[in-house]
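Could you walk me through this structure, with an eye to its open spaces and its packed interior?

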Amino acid sequence: MIIRRTDHWVGSFFAENKMTNSKIALILLASCSMVIAACGGGGGGGGSSTPQATSSAGSSNTSTSSTSSSSSTSSSTSSSGSSSTTSSDDSSSSSDDSSSSSGDSNIAAMLRGITDNAIIPNYEAQATAITNFAASSGSLAAYCDAIGTDNEATSLTTVQNEWKTVMATIQQAEPHAVGPVAINDDSLRNRIHSFANHDLQTCSLDQAVIKQSDADFDLTTRSSNQRGFGAIEYLLFDTTLTSQCSSNYENATTWNALADTDKKSQRCTYAKALASDADLAATSVLNKWQESGENYRADFISEANAGNNLQALTDELLIHIDKEAKDRKMQVALGISGCTTDGCRAQIESPYSKTSLENVKNNMIGFLAVYNGGEGTGFDDYLSDMGEKAISDGVIAKIDAVQANIDATTVPLVDQVASLSEAANQTACTNAYGNPSTPSVELSACTLTGLLSETKAYMFYDFAVTMNVTIPDAAAGDND
């Protein structure tokens, strides 16, 4: 087994004490093997320090070193012995090539199962939901028409509920943000939902609502922090209707003087524009993956690209658990990262709809869909075929624990965060995070963050080591 970044992994492990004795032994054994190979294993000891994508086919490297050593030894023997060794080397090389081909084939089969049974279906569900939401006959358009009438309240509830349904599909697609959705700094992803990369700028969004009727207004030039379904949430769920801009903005004063009906109507009109933009982005993502479209699928599941695409997918899964679900969605707002300012507290996803925790649950649903390959072949099958079913079951158990915590939660994240202004509650939150095996009813989100941290550790050390993939640079060195 090839262990990448051995110094970081072993050091981080002993700091966190997250692994079993057998895993410690495995890493130490691998580390020793690497040292021996570097000192006396023959030529070319200048391996690149850049992380390399590896697959199960990487075992051919070890076989090649062994063959070189055997070849060197045979050079001092008789010509008949040399002939025999050469024949053996040819056979070993052929065996290595066969092993590499078999490994890439197995990975490609897994990627095909994940693509056809999880990734593309998730993008289909997302695109369909957003298209229906943005349609001229949809609930959003109906609410806009109902503003100022007796049907306004009912229509608002209907569109808010559909927004939640759409957001669920978006959240389930987040764990596999690889390929087309990620190009150009996640430009398509940000048009659908930008929280992973940007904080929503409500003042700028208010300005866009006011300026949308200007002749030179162009939504496509607006920043990502004012677009997508996070922006639509603000426009549909915020009940204050007051501009978030200071009085220094002349049009903010003008806006605040408007009648509520006019404010709702202008906000709803802009929500329709944002929904149409998100619809175009979601449809584009789906088209790029589909065989009937640009067919990125063919590249992603090809045997020739198996190792690189496996690394790309595991990178995103690890980053999502660590940097997005744990850090971005939970840890910062809860003050666990060390920042307890109002600015950090405000970094909550979906605060107006109070669906922050539901978002994380849907992330886990999407994660498991990828991990299990939907109803087809996934990481679970691949690991089981390797004889590592216990590792596979461990991943699923960690995700199940996260979901169980959310299912049992009764207090929305935004309300839990508000309670942390009291120092005693912040201390209790930190303790709950550090001891996730002991549930906390009032601060269940702190416990949840601890469970996500345990999931991250298991994914980094048990899953990644067994799958023989590297830790992505974006997450390397993070020991929390």
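In this predicted model, the second largest pocket has a volume of about 380 Å³. Its lining is made up of 19 residues, and those nearest the centre of the pocket are Leu 200, Ala 346, Ile 348, Pro 351 and Tyr 352. If you sort the lining of this pocket by residue class, you will find seven nonpolar, eight polar and four charged residues. Helix α9, spanning residues 229-237, gives the largest share of that lining, with three residues.

Val 159 has a relative accessible area of 0%, so it counts as buried, the limit being under 20%. Which residues does Val 159 touch, once neighbours within four places in sequence are left aside? They are Phe 133, Ser 139, Leu 140, Tyr 143 and Leu 236.

Our last stop is Leu 334, in helix α13 (residues 306-334). Is Leu 334 buried or exposed? Its relative accessibility is 0%, and therefore Leu 334 is classed as buried. Not counting residues up to four places away in sequence, the contacts of Leu 334 include Arg 345, Leu 413, Val 417 and Leu 420, and also among them are Gln 426, Cys 429, Ala 445, Cys 446 and Thr 449. Along the chain, Leu 334 and Val 414 are 80 residues apart, while their C-alpha atoms are separated by 9.5 Å.

Note on methods. Residues are numbered from 1 along each chain as its sequence is written. This is a predicted model: local features need pLDDT of at least 70, side-chain atom pairs count only at pLDDT 80 or more; totals for chains, interfaces and linings use all residues. Side-chain values use heavy atoms; hydrogens and water are left out. On a 1 Å grid over the protein atoms alone, a cavity is a set of points where a 1.4 Å probe fits but cannot get out, and a pocket is an open set with protein on both sides within 12 Å along at least five of seven lines; lining residues have an atom within 4 Å of a point. Grid points are joined across faces, edges and corners, and a volume is the space filled by probe spheres set on the points. Helices (H or I, at least four residues) and strands (E, at least two) are DSSP runs, numbered from the N terminus. Ala, Val, Leu, Ile, Met, Phe, Trp, Tyr, Cys and Pro count as nonpolar, Asp, Glu, Lys and Arg as charged, and the others, Gly among them, as polar. Buried means under 20% relative accessible area, exposed over 50%, partly exposed in between (1.4 Å probe, protein chains only). Contact means heavy atoms within 4.5 Å.
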